[in-house]
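Biologist: Could you take me through some of the helix packing and backbone details of this structure?

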Protein chains: 2
Amino acid sequence: MHQQSDSLGRAAFMPVAPSEGALRPLGIDSVRITGGFWGHRQQLNREAIIPHALKWETKVGWIDNFVHAAVGDVAGHRQGREFSDSDVYKLIESMAWEVGRTDDPELDAEIERLGTLIEACQCDDGYLSTRFGNPGQEPRYSDFAWGHELYCYGHLIQAAIARMRTGYQGTIVRVALRVAEHLLATFGEDGRDDICGHPEIEVALAELSRVTGDPRYLEQARIFLDRRGNGILPDIEFGRAYYQDDEPFRDSTILRGHCVRALYLCAAAVDIAVEQGDAGLLRVAQKQYDAILARRTYITGGMGSHHQDEAFGDDFEMPPDRSYCETCAGIGSIMVAWRLLLATGELGYGDIIERTLYNIVATSPSAQGNAFFYANTLHRRTPAAQSTVDEALPRASSSLRAPWFEVSCCPTNVARTFASLAGLLATSSDEGVQLVQYASAELAVDLASGCVRLSVETNYPDDGRVLISVAEAPGAFVLDLRIPGWAQGAMVDGHAVSPGTHRIEGVTVGRTISLQLPLEPRRTLPDSRIDAVRGTVAVERGPLVLCSESVDLPDGIGIDGYEIEPGAQPRADGDTGAVIAARLITHENAAWPYGAAGAGAGAGAGRGDAIDVPLAPYYAWGNRGPTTMRVWLPELGADVTTR
Amino acid sequence: MHQQSDSLGRAAFMPVAPSEGALRPLGIDSVRITGGFWGHRQQLNREAIIPHALKWETKVGWIDNFVHAAVGDVAGHRQGREFSDSDVYKLIESMAWEVGRTDDPELDAEIERLGTLIEACQCDDGYLSTRFGNPGQEPRYSDFAWGHELYCYGHLIQAAIARMRTGYQGTIVRVALRVAEHLLATFGEDGRDDICGHPEIEVALAELSRVTGDPRYLEQARIFLDRRGNGILPDIEFGRAYYQDDEPFRDSTILRGHCVRALYLCAAAVDIAVEQGDAGLLRVAQKQYDAILARRTYITGGMGSHHQDEAFGDDFEMPPDRSYCETCAGIGSIMVAWRLLLATGELGYGDIIERTLYNIVATSPSAQGNAFFYANTLHRRTPAAQSTVDEALPRASSSLRAPWFEVSCCPTNVARTFASLAGLLATSSDEGVQLVQYASAELAVDLASGCVRLSVETNYPDDGRVLISVAEAPGAFVLDLRIPGWAQGAMVDGHAVSPGTHRIEGVTVGRTISLQLPLEPRRTLPDSRIDAVRGTVAVERGPLVLCSESVDLPDGIGIDGYEIEPGAQPRADGDTGAVIAARLITHENAAWPYGAAGAGAGAGAGRGDAIDVPLAPYYAWGNRGPTTMRVWLPELGADVTTR
């Protein structure tokens, strides 16, 4: 039995609901996070992030754009970039999942209020934009490369899907369905031969088809996918690869260009492949994403080393000090990985989801939930004061958390991910239940034989112990546990298990299973082709990448002030931190920083005192005032002489 | 006696002519390059680069913009970016130096033809632009941040200065002087409080003051310099540091933001300091530039690791695979270094000029002079076919040579530098002559006591032997030789000399001096704070940085296919190349490229056969078809196991 929605009715509360696939997702009505790391973030999202986003979208005028469009004077009053509508839609989607999770009547009313504003400026034929087509503006569809109209539609439809999946209807659903009909009429097989410069409509239409049961939306998604890659969009400075219009998706071997664009498109390809039973397309998508994981992903799960075009670099081109790693790319990567996990049944995709959740998505918001990283650098060389919460920063590529950005896609993307996060914790199959992420949670899973109720208790990732209790079961069922790739030495009920999927057969009511994940800090080396981190070591602990911040070092010592001892092993420090043995380094400030070793031409550095360098989770960095930071720690080499 | 121009008359043929300073420049009428490396490039410039630039500026419509502006219909016909006028002016400047060098009547006529087109669209009050102020266009001076009107004026004035300095007048001089009067009337101390988003007008006005003897232009340059840094221009995505409007120049400690902008402004600051006797300003400029050399300059002399804003990175943030190193930034760096050399008498600034000339300026044009690097990467990971000579590339940040760019500042910057290059070879002082760069040349230097004629013969940098013969001298004079910082073991007349300035007193007619510069390839290590090149080695030979190209490696071996033996010393190969001992490396293609060493998680690589890796001059790379390339060579480390 699939958790498929029955047309528009209340059904699975899940962000992604394929009708086919090896594994079935569980809705957020079936999985409830009850506390811990992610429970805290769901609370932060509800209490801080969503209100913060609403405040800022109001303050910067993006919501008022709809008001102005309705009365016809938006041309003179419009605020924000061409895609600002989409951020209002993403905020509504966040609210919708939050209402689904908590039944909050105030948030529900807020969604309806916003929906009413939006509906008031929808054209009779369904077209909707505050940026184009209104009096005094450029005509609709006059700039497919940069106009983002279909991208905005995609997020509007996702908001409506979140409403439908959580059992609500209302204005935003009505608006989105009219937009969808307009899309079919305009861009169908016999319609205009155009695509949007930013993929997103494809994944939205595929989901809309699932939630409504209407195959026309799915087919429109496929049309957009296959139309792309034939040079429909103009050639631009970055080349058509920037928006994946250089080569048809089905002919491509690796994701390329703008990371978020590429990942959203890949997610749609998986959806289309699954729904249309297109095994070839699924293989192509999987191969492209797997290639990215093997050759173009930072240790944090971040993607993109090009700031200029927010793009993947070449294979192994991942300098930490020029890492871009946009928060939204992390979310796009999770979208793809989750779909591949469902389609293929490979729980291993949960590894990259976990890594990206902890080290990108959780890193973006500040501890107070009122400022965000857009880019997630792995190396910050200059301390900078934390930005105030009162000022929007235009510099989205900064590695400072800022309360809002001119391009502010990330905060609402984090919000919708947090609000629907429970949907990523587990799956079901004909045989039983698969636990993919470990968090304190209550699960109610409808199997063919009846309902299984599980309770998961854990302080993971602060503690490696996970207790899974079976409160209800119709009989024996299979429980699959994802053992992360790094978890050498994991144990289930006291017995060592290997990384991968650990299957427990014959699980019945009353059984308690104990999983112990090894959280000793570990020393991680990069592939030697990642040239920029040659001679350095990262320290990880469980799913957490650790980092060194100058605020944790003695006064006057920056993160370039030490190198770790050769072969040094990190030691645990507290629940999530570590320390590692290092030597202070004194640098010679030469007029020219290149020369023969030891010739005094700048290459040399002298060793000083021994020091234990404290390391802390990367997700928490930058929350304690101005600091420098690095993930990859240099290891003392032969070029450093003892003085 | 200074080689100062007598108002508008024929005088010193030199790009820079300070009225004060420790050393005096020599004009291109005093120094003639007679062959060798730079003689070849001057010939290439004359026969290929300048005609190529004229062909392209015609083809892409930038010259026709002036024709349209004259008849009033440019709004509907304009081609190119907002600053395209400047590239026409830079082309004229190149031609002007070339006419000064060769008295070519056809080029002279071409300059006059272009000048006439330009003059036809100059407004009565001196204003001139094909981009603003014409019917149907935005009003003049409506966008100081991005409009580039004053930047264009600067290059127009530089073209006029080149004409005046080479003894010509004509239309372009008349046009430029009218523009200059317009500038004084509009932007003077009591005029509008604006500055241009791209510095350039400052350095042009300072030189115009020198060539005309009119101090008002110098004062206007100072006004622009001191007005800057007070937040006059709008805040933008990259911050006001992008165009150096974040902090007054006199308060700054390091160049920052867009490299070309920062360097052009710094050059102007030196000019203003020298002409106004402002020792404090000179110290500030020198300190800022010296800081850049010590902390933000690539081994090639290239500057800028940020593609997005074409900016310097933080200190030591110089990943080779994200190096930008715009050709124009190299030229801007030479402009600053040359001015500092003249002002301070420190011949050591000739080191960075030499390094940048060979490894940036000479690298930009293809061997045929019909395609150019805009960016000069130190690491190219993917082979790409050389672009055709028929197609302009919009992608100025590519590491492919292209015949033309949408932003095509670099080709004409190279052209004007090559045409006026003789002016950078030597200087004079009251005591005698200083040889700064070594090239086959004839010099005629007017000292107070009379004329010194020198002949320099050399095949440098293919050969380290430089013969300097004194053909004429009024008596004994002093000859200073710049011994490059890398030249440990240099000899003069068979005696070892140290890097720095080597002074030879009492030089008289008939004397021949033999300088021997050591050109053995040498192993160079980076400052350990340049994290991205940790564990790697560069090989240099004389002033040349060498590199490894995959076209020189066995079939199927890329530049990531070997690592050099620990401590390997390069050996000479031919006149300019080298070989270095290495081992082939086999990489394990893991699904995830991070893991414990030797744990099979992607970090490991296996050693294979020994191989001698050929290295060739960086300036010549990319001339032999698709290739990958790297300057910094990885050295085998402990993480690589022998298999």
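**Helix packing and backbone details**

Modeller: This is a predicted model. In chain B, helix α11 (residues 279-295) and helix α12 (residues 327-344) pack at an angle of about 135°, and their axes are 11 Å apart.

Biologist: Which residues make the contact?

Modeller: From α11(B), L282(B), Q286(B) and Y289(B) take part. From α12(B), the contact uses S333(B), V336(B), A337(B), L340(B), A343(B) and T344(B). Sorted by type, the residues of this contact of α11(B) with α12(B) are six nonpolar, three polar and no charged.

Biologist: Staying with α12(B), how many of its residues are buried?

Modeller: Of the 18 residues of α12(B), 17 are buried, so the helix is largely enclosed by the rest of the structure. From its first C-alpha to its last, α12(B) reaches 26 Å, close to the 26 Å expected at 1.5 Å a residue. Just after α12(B), G345(B) has a positive phi of about 80°.

Biologist: And what span does α10(B) reach from its first C-alpha to its last?

Modeller: Helix α10 (residues 259-275) of chain B has 17 residues and reaches 24 Å, close to the 24 Å expected at 1.5 Å a residue. In α10(B), 16 of the 17 residues are buried, so this helix is largely enclosed by the rest of the structure. Just after α10(B) comes G277(B), with a positive phi of about 60°.

Biologist: At what angle do α4(B) and α6(B) cross?

Modeller: Helix α4 (residues 84-102) and helix α6 (residues 149-165) of chain B cross at roughly 10°, and their axes come within 8 Å. Angles under 35 degrees count as roughly parallel, and α4(B) and α6(B) are therefore roughly parallel to each other. Their crossing is left-handed.

Biologist: Which residues meet there, in α4(B) and in α6(B)?

Modeller: On the α4(B) side they are D85(B), S86(B), Y89(B), K90(B), I92(B), E93(B), A96(B), W97(B) and V99(B). On the α6(B) side they are Y151(B), C152(B), H155(B), L156(B), Q158(B), A159(B), A162(B), R163(B) and R165(B). The residues of the contact of α4(B) with α6(B) comprise ten nonpolar, three polar and five charged.

Biologist: Turning to chain A, how far apart are the axes of α12(A) and α14(A)?

Modeller: The axes of helix α12 (residues 327-344) and helix α14 (residues 409-419) of chain A are 8 Å apart, and the two helices pack at an angle of about 35°. α12(A) passes α14(A) in a left-handed crossing. The contact joins T327(A), C328(A), I331(A) and M335(A) of α12(A) to C409(A), C410(A), N413(A), V414(A), R416(A) and T417(A) of α14(A). The residues of the contact of α12(A) with α14(A) divide into six nonpolar, three polar and one charged.

Biologist: A change of topic: which residues does the cis peptide bond in chain A join?

Modeller: The bond joins Y460(A) and P461(A), with omega about 5°. P461(A) is located in the loop between β7 (450-458) and β8 (465-472) of chain A. In chain B, a cis peptide bond joins Y460(B) and P461(B), where omega is about 5°. P461(B) sits in the loop between β7 (450-458) and β8 (465-472) of chain B.

Biologist: What is the phi of Q244(A)?

Modeller: The phi of Q244(A) is near 60°, a positive value in a residue other than glycine. Q244(A) belongs to the loop between α9 (215-227) and α10 (259-275) of chain A.

Biologist: Is Q244(A) buried or exposed?

Modeller: Buried means under 20% relative accessible area, so Q244(A), at 3% relative accessibility, counts as buried.

Biologist: And where is D493(A)?

Modeller: D493(A) lies in the loop between β10 (491-492) and β11 (495-496) of chain A. Its phi is near 50°, a positive value in a residue other than glycine. At 32% relative accessibility, D493(A) counts as partly exposed.

Biologist: Lastly, how far apart are V211(B) and H502(B) in space?

Modeller: V211(B) and H502(B) are 33 Å apart in space, C-alpha to C-alpha, and 291 residues apart in sequence. V211(B) is part of helix α8 (residues 201-212) of chain B, and V211(B) is buried, at a relative accessible area of 0%.

Conventions
Residues are numbered from 1 along each chain as its sequence is written. Chains are lettered from A and ligands numbered from 1 in the order in which they are written. This is a predicted model: local features need pLDDT of at least 70, side-chain atom pairs count only at pLDDT 80 or more; totals for chains, interfaces and linings use all residues. Side-chain values use heavy atoms; hydrogens and water are left out. Axes are lines fitted to C-alpha atoms, for helices over the stretch in contact, and angles run from 0 to 180 degrees between N-to-C directions. Helices (H or I, at least four residues) and strands (E, at least two) are DSSP runs, numbered from the N terminus. Contact means heavy atoms within 4.5 Å. Ala, Val, Leu, Ile, Met, Phe, Trp, Tyr, Cys and Pro count as nonpolar, Asp, Glu, Lys and Arg as charged, and the others, Gly among them, as polar. The expected span of a helix is 1.5 Å times one less than its number of residues. Buried means under 20% relative accessible area, exposed over 50%, partly exposed in between (1.4 Å probe, protein chains only). A crossing is left-handed if the near helix is turned anticlockwise from the far one by less than a right angle, and right-handed if clockwise. Angles under 35 degrees count as roughly parallel, over 145 as roughly antiparallel, 65 to 115 as roughly perpendicular and the rest as oblique.
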